[in-house]
Amino acid sequence: MFSWLGKDDRRKRDPEVFQTVSDGLRKLYKTKLLPLEEHYKFHEFHSPALEDADFDNKPMVLLVGQYSTGKTSFIRYLLEQDFPGMRIGPEPTTDSFIAVMHGDIEGLIPGNALVVDPKKPFRKLNAFGNAFLNRQVQLPKQYLILLKQFVCAQLPNPVLESISVIDTPGILSGEKQRISRGYDFAAVLEWFAERVDRIILLFDAHKLDISDEFSEVIRALKNHEDKIRVVLNKADQIETQQLMRVYGALMWSLGKIVNTPEVVRVYIGSFWSHPLLIPDNRRLFEAEEQDLFKDIQSLPRNAALRKLNDLIKRARLAKVHAYIISSLKKEMPSVFGKENKKKELINSLGEIYSRIEREHQISPGDFPNLKKMQEQLQAHDLNKFQPLKIKLLDAVDDMLAHDIAQLMILVRQEETQRPNQVVKGGAFEGTMNGPFGHGYGEGAGEGIDEVEWVVARDKPMYDEIFYTLSPVNGKVTGANAKKEMVKSKLPNTVLGKIWKLADIDKDGMLDDEEFALANHLIKVKLEGHELPSELPGHLVPPSKRKLPE
């Protein structure tokens, strides 16, 4: 009697032990979440079942945008080489989804071969059928051609050793183009959005109009706002004043579509290898590019955390789906009036949502789209739905309450063990080291290549101030130095860091060189640059450079 209590206690004392985050996610999904999904037909309503490749694949970046916004050029810029199937032009050129991935041999793999490869995370795309994988198009004179709507371009490239990039067809406007695709373009993008680590929306600074289809696509990315970044491309083709207006117009347009209180991060630049047409904003473009590259480079390090987060979101949706399906089943009559009751339940689905929300304390944001759910229910026999099975829900709750916490610890451990796991090669190498790295020779890096101490330029001016502070034995006290340093109006935390960097011999006082160095660092900060965590060698005063470490 009550033996289940002892089992539960043992479960809490001995939680699941996993070797890696990917193995843990795979096991939790197959043993605890997948049974709930299968029992309540989750895959027919929302998303196909996850496979091993979904847990093991490299981070993926999805590029989305209207035609001629520079998506393919952006990939070419990152890789610094052409890839199979690449076509660039001012007109719509990319007419298919191209998964650019690492491979020892350069070549193209057609979609039908990709969806049967268990090592690739694309097997479930076969649900979109031949209309997506291979589409027949009738041309004049009764010729038929076969368009490959989905291909994989493989090539040996160091960037692709860490990430994969998905190029998408250029989005057009108008009903004609939307119908001619032959498949649900927004649904395919939504499928990718669930599985990628970053979604980059590209806009052309000259063409900010957001077409109806693009608006539909952005709305299809709902619930994935945390993955979205925006790139305002080709910004070197307009003047600074016009660029400010274009940026404001883009933010206004996005605000109407992306209905979230947070502002979407927009990166401004010109992401191709051609000379800047208007170089006035070179420093801005360099800083924006550096920020975007850092974001992309962090993807391998954060991949496990992203997969964990996506599994949690999927589990929450699966639970809500189970409550919806079981509620509909409970309301259905067993013999007469089934069709009328089905119509009534579908029409009142919003009220069912509200009741489930109250009874189970579920956030409204966890519920699926009402209109889409009503449309999907039309094609199902509600009598074949399953009643509520508490055991399946308890397994998912246990996973969220205990196992996920264990995996979070493992995520941090993996991050600690692989701190330098970043994207390397291609365009990323050009921003790492050397005189063309971002910020080289600026701020605290000024004078790095000079023989003379850079602080010496302004030292006579700093010396005049130094000797008004009543130095004793060639040094001013901390109290006297503070009176001068606070005139900069910098926060005490910043001044404290400057003091720590400038007081090289750590005696709590500053000599004339250390005082000059402190003022130089104040100048660096006031000019908008960041302070170094440690004093660079070229900033150490000449008389202090031979001090023992």
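With which residue does K525 form a salt bridge, and how far apart are the closest N and O atoms?

A: In this predicted model, the partner of K525 is E530, and the closest N and O atoms of the salt bridge are 3.6 Å apart. The two residues fall into separate accessibility classes. K525 has a relative accessibility of 23% and therefore counts as partly exposed. E530, at 60% relative accessibility, counts as exposed, since the class begins over 50%.

R265 is partly exposed, with a relative accessibility of 31%. E288, by contrast, is buried, its relative accessible area being 10%.

Another is the salt bridge between D197 and R306, in which the closest N and O atoms are 2.9 Å apart. This pair links distant parts of the chain: D197 sits in the loop between α9 (185-195) and β8 (198-204), R306 sits in helix α13 (residues 299-331), and 109 residues separate them. Here both partners, D197 and R306, are buried. The pair is also part of a network of salt bridges that links D197, D226, K227, R306, D310 and K313.

The chain as a whole forms the background to these contacts. It comprises 549 residues, of which 48% count as buried, and its secondary structure consists of 21 helices and 12 strands. Among contacts with a separation of 6 or more, 77% are between residues 24 or more positions apart. The protein chain exposes about 28,500 Å², and carbon and sulfur atoms supply 52% of that area.

To return to the part in question, K525 and E530 form a salt bridge at 3.6 Å, with K525 partly exposed and E530 exposed. In the D197 and R306 pair, both residues are buried.

Conventions. Residues are numbered from 1 along each chain as its sequence is written. This is a predicted model: local features need pLDDT of at least 70, side-chain atom pairs count only at pLDDT 80 or more; totals for chains, interfaces and linings use all residues. Side-chain values use heavy atoms; hydrogens and water are left out. Helices (H or I, at least four residues) and strands (E, at least two) are DSSP runs, numbered from the N terminus. Buried means under 20% relative accessible area, exposed over 50%, partly exposed in between (1.4 Å probe, protein chains only). Contact means heavy atoms within 4.5 Å. Accessible areas come from the Shrake-Rupley method with a 1.4 Å probe; for residues, only the protein chains shown count as cover. A salt bridge is a side-chain nitrogen of Lys or Arg within 4 Å of a carboxyl oxygen of Asp or Glu.
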